[in-house]
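Here are a few friendly notes to read alongside the model. Take them one at a time.

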Amino acid sequence: MLEAAPTLEFLGGAGTVTGSKHLVRAGSAQVLLDCGMFQGEKPLRLRNWQPLPLDPEALSAVVLSHAHIDHSGALPLLFKQGFRGPIYCTPATSDLLAILLLDSANLQEEEAEFANRRGYSRHRPALPLYTTEDVEKVWHLVQVRRRDEWFRVAGGVTARFRQAGHILGSAIVELDTAGASPCRLVFSGDLGRWKRPILHDPQLIDEGDVVLVESTYGDRVHPTDPTSALARVVNETVDRGGVLVVPAFAVGRTQELLWGLRHLEDTDRIPVVPVYVDSPMASNVTKIYARHRDEHDVDMQALTDARRNPLQTRRFELVRNLADSREIGEAKGPMIIVAGSGMATGGRVLHHLRKRLPEERNTVLLTGFQAAGTRGRALLEGAKQLRIFGEDVAVRARVVSVEGFSAHADRNDVLRWLRGFRRPPRKLWVVHGEPPAAESLVALVREQLGWDASVAGDGALVTLAV
């Protein structure tokens, strides 16, 4: 009997920027690239409650590109449904995963408890998607692998991690399948950008038969210097005596914002005001950033060697408990509050938005991609009120978006990375993008590179054979 050709199935992160899941079948091996949660619009979020569209008990392994929840957040669900195989990732991703998954479970438990107390959930009782106990059962499955070293995943499938430059630990995945129809699949994960602070640039990959590439910003180009816009927003808010609230992801975005604010203070471009990071997770993540010095670029290493903390302003405070968070919520400006989550889908930032949005002197600063259906997207599109904890909150504060802080590659960055291949792949699949961005990137690749490129279809099954 002839061996079946290897296949690839898009189970998430196709037609949307969340829920990254790509299933590779090769011989007896079944390998899942990423296992992310869906975020954003309600139909997407409801998919998190449905059984995963695969057999978890038959799955050989999971290979994670990085720790962001839209790439890792469904791992506890996978375990609950029967998966007991290895989860491979880089050392820094392993450290971050422990924090992010526990935080995700904590937030779900807190929000379920809050909904039950307030009675605004349609479900009686409201339940979390998974609990901290569920998360703790995942730890023993995690296996660390260093960058640039090939390792056996399952059966005839091998892989290695390369530098993606997106967040700490983020990796491009090269996956080789053996057998009668061998194939090298290159999965970009989330690509970073060149010449950004803190982390190394993305690595160029020279060989690949099939390439999966993200397209979050596939239809636009980032501004080259977002710090000038950041300085303007800070100064205008301070002049009004207001509070600047910044929803920010605890991993990556918070650290880059702190880097930018410290630089603006050092160059006297903004006044020194209290900067509160209201996120226990961001506090722990920042410590992990400092610990993994092998991931640092030259500027980050130089400041660390000079015994300066590159990620602290002069009046910097980490807010660790809810009592202190509530106290900050009652304090008057000027001050800056950085809190999770980046698209205002949950976390302590919701309490600050509920308090600060009704006042005109305040500002909400959006610094990254806002997925459809999130509160961040609603603010970006000019919503006059926002539903928070079952209440309609008036939006009178100024809402400002500053592009350029995103850790995602823009279309020029993606093209730069793709040009690193010595020969065109047989096929390029565009994933992890809303349809306009993904379609724009496909058109650009076809026009400028002449490659066979298509947008991955949600649920589509394709062959990896020659």
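1. A search of the whole structure finds five aromatic pairs, meaning rings of Phe, Tyr or Trp (its six-membered ring) with centres within 6.5 Å. Helices (H or I, at least four residues) and strands (E, at least two) are DSSP runs, numbered from the N terminus.

2. A word on the source: this is a predicted model, where local features need pLDDT of at least 70, side-chain atom pairs count only at pLDDT 80 or more, and totals for chains, interfaces and linings use all residues. Residues are numbered from 1 along each chain as its sequence is written, and side-chain values use heavy atoms, leaving out hydrogens and water.

3. Now the sheet: seven strands form an open sheet in the order S7-S8-S9-S10-S11-S20-S21, with mixed pairing; two strands pair if DSSP finds at least two bridges between them. Strand S7 (151-154) and strand S21 (453-455) are the edges, each pairing on one side only.

4. Look next at strand S11 (residues 210-214) and strand S20 (residues 427-431), which pair in the parallel sense over five bridges. Val211 has Leu428 in S20 as its bridge partner.

Terms used. Phe/Tyr/Trp six-rings, centres within 6.5 Å; stacked < 30°, edge-to-face > 60°.
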